[in-house]
Amino acid sequence: MAENRTRTARARSNRTVCAATATAAAAATLALALPAQAAPFDPSPGADGVGDPLFPTLGNGGYDVRHYDLSFDFTPVTYDFTGTMRIKARATQDLSSFNLDVDSLAIDAVQVNGKKATWAITPGQSGQELTVTPAGGLRDRRTFDVELTYHGNGRTKPISQPGWRYMSGGGFASAAQASRADTFAPVNDHPSDKATWSFHLTAPDGWTPGANGNLTKTRDAGARKTWDFSLKSPMAPELLSISVNKQAYLYGRGPHGVKLRHLVPEDQQAKYKPIAEETGGQLAWLEKTLGVRYPFDTYGVQIVRDGYSDALENQTLSLFGPSWFDKPTYSTTMIHELTHQWFGDSVTPATWQDAWLNEGPAVYYAAVWAEQKGFQPIEEKMKTAYAELDAVRKTDGPPGKPTGLGGFNIYDGAAVSLYALHQQIGQGKFDAVMKAWLTGHRHGNASTQDFIDNAVEVTGDDAVGTFLEHWLFDLDNPPMPGHPDWGVAK
């Protein structure tokens with residue numbers, strides 16, 4: 001009887017367990033059948049800046065731009081223009097409002113997801129802040145569309161620095177770096193927010209527009225014509241290239257079929273055609289030197305007659321003033337800007353304080369080219385720069401932590417740091433570090449710390465990280481490996 005009672009107790013216990021299991025299973029089934037409870041909608045304004053170390057209010061928070069579609073109708077000589085910017089973006093938080101960067105643009109209307117939105121313009125640190133308040137707010141992780149119509153005049157003095165470069169015949173070219181894309185259109189003007197682009201540039205007959213990417217078609221509309229361009233690789237706004245000028249296209253093919261298209265003054269084609277044709281060989285040289293294919297499907301140089309004296313790495317269409325080509329070493333500058341298509345355009349710095357990642361490689365590989373062409377030994381250039389860098393570190397900051405843009409520290413100083421790395425680890429490992437950098441961060445953003453981590457991973461040596469930290473962040477020059485005779489300033 002005791003055994004029977006035990007079996008009965010066990011049976012009752014088993015039935016209880018089975019019933020509990022069945023109840024839990026039924027509850028789980030019911031939970032799966034019911035719709036998931038939506039996260040609470042708690043909208044708040046997006047930040048009016050991304051917190052860049054050098055320019056805290058550049059860019060905007062709360063969303064990520066996926067695509068810009070710019071229609072821009074320009075009248076030469078008077079510089080009047082009208083524009084429509086269509087933006088496809090994705091919210092990164094619940095948004096009650098969000099900002100775009102503008103400077104001296106007259107906003108006519110704003111729509112979000114096809115509905116009228118309210119907007120206001122206020123002063124910003126480097127231009128103006130356009131605050132857009134959509135009807136009903138925007139949910140986190142949802143895509144949304146913005147359409148802004150506006151007008152202006154290219155001769156209007158902006159709040160900050162100008163992005164317009166004026167040609168003597170009444171045309172223009174854009175030079176938007178570092179934060180001047182907002183003088184042409186409303187944008188999220190920070191390199192950390194890259195997007196694909198399309199352009200529709202309208203001008204009177206007899207005037208030729210240019211833009212980043214490929215020309216896809218032209219459309220006549222009476223006495224005016226619209227030129228459509230497409231850029232399928234993501235681009236930061238500061239690399240914007242739009243122009244309307246008395247200019248002509250020259251075409252060619254680069255290595256493995258890369259499309260070459262150049263813009264030169266229409267009455268100076270014979271002068272600049274041989275120069276433009278050098279880009280195919282320059283592309284092949286850089287691909288071999290870097291061990292990485294050119295990152296885009298088209299490239300070209302834009303040479304203007306006047307109105308611009310510098311050189312700029314606008315994505316897929318580098319911009320040059322004419323004075324460069326009066327020098328026998330002009331190809332060194334062409335290599336500098338072409339190198340940027342890999343370093344800066346494809347792999348873009350996370351913040352402006354990481355700008356040495358753009359300029360250091362451009363100066364370094366241009367110096368390698370110059371040595372091979374017999375212009376200047378690279379050791380001579382680096383020794384001179386090394387001597388100058390020590391004092392610059394103290395006044396303008398070291399290469400990896402500059403106090404501003406455009407200084408010697410992020411150009412020649414950064415190239416010296418790369419030269420030191422080359423001297424420390426040797427040619428083979430140096431090439432591997434640079435190749436891994438370009439392939440691992442292709443069409444993305446990356447920081448100085450990312451570069452250090454990449455160098456450590458490729459070499460398998462933690463000491464390389466410490467070496468780079470000294471070169472990029474110290475306020476005194478470290479000793480140059482392989483050159484004890486260079487000395488260290490005290």
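The structure is a predicted model, in which local features need pLDDT of at least 70 and side-chain atom pairs count only at pLDDT 80 or more, whereas totals for chains, interfaces and linings use all residues. Residues are numbered from 1 along each chain as its sequence is written, and side-chain values use heavy atoms, with hydrogens and water left out.

Helices (H or I, at least four residues) and strands (E, at least two) are DSSP runs, numbered from the N terminus. Helix α3, residues 279–290, has twelve residues and reaches 16 Å from its first C-alpha to its last, close to the 16 Å expected at 1.5 Å a residue, where the expected span is 1.5 Å times one less than the number of residues. Its buried residues (under 20% relative accessible area, with a 1.4 Å probe and protein chains only) are T279, G280, Q282, L283, W285, L286, E287 and L290. After α3 comes G291, whose phi is positive, near 75°.

The two helix pairs are set out below, with axes being lines fitted to C-alpha atoms over the stretch in contact and angles running from 0 to 180 degrees between N-to-C directions.

| Helix pair | Angle | Axis separation |
|---|---|---|
| α7 (residues 412–425) and α10 (residues 462–473) | about 155° | 10 Å |
| α8 (residues 427–440) and α9 (residues 448–459) | about 130° | 9 Å |

The angle between α7 and α10 makes them roughly antiparallel, a term for angles over 145 degrees, while under 35 is roughly parallel, 65 to 115 roughly perpendicular and the rest oblique. Their contact (heavy atoms within 4.5 Å) is made by V416, S417, A420, L421, Q424 and I425 of α7 and by V464, F467, L468, W471 and L472 of α10. By class, these residues divide into nine nonpolar, two polar and no charged, with Ala, Val, Leu, Ile, Met, Phe, Trp, Tyr, Cys and Pro counted as nonpolar, Asp, Glu, Lys and Arg as charged, and the others, Gly among them, as polar.

Helices α8 and α9, by contrast, are oblique to each other. Here K429, A432, V433, M434, A436 and W437 in α8 meet D450, F451, N454, A455, V458 and T459 in α9, and this contact has eight nonpolar, two polar and two charged residues.

In strand β16, residues 242–245, lies I242, which is buried, with a relative accessible area of 1%. Leaving aside residues up to four places away in sequence, I242 touches L70, F72, F172, A173, S174, F184, F199, L201, G210 and A211. The C-alpha atoms of I242 and L319, 77 residues apart along the chain, are separated by 10 Å.

Note on methods:
Buried means under 20% relative accessible area, exposed over 50%, partly exposed in between (1.4 Å probe, protein chains only).
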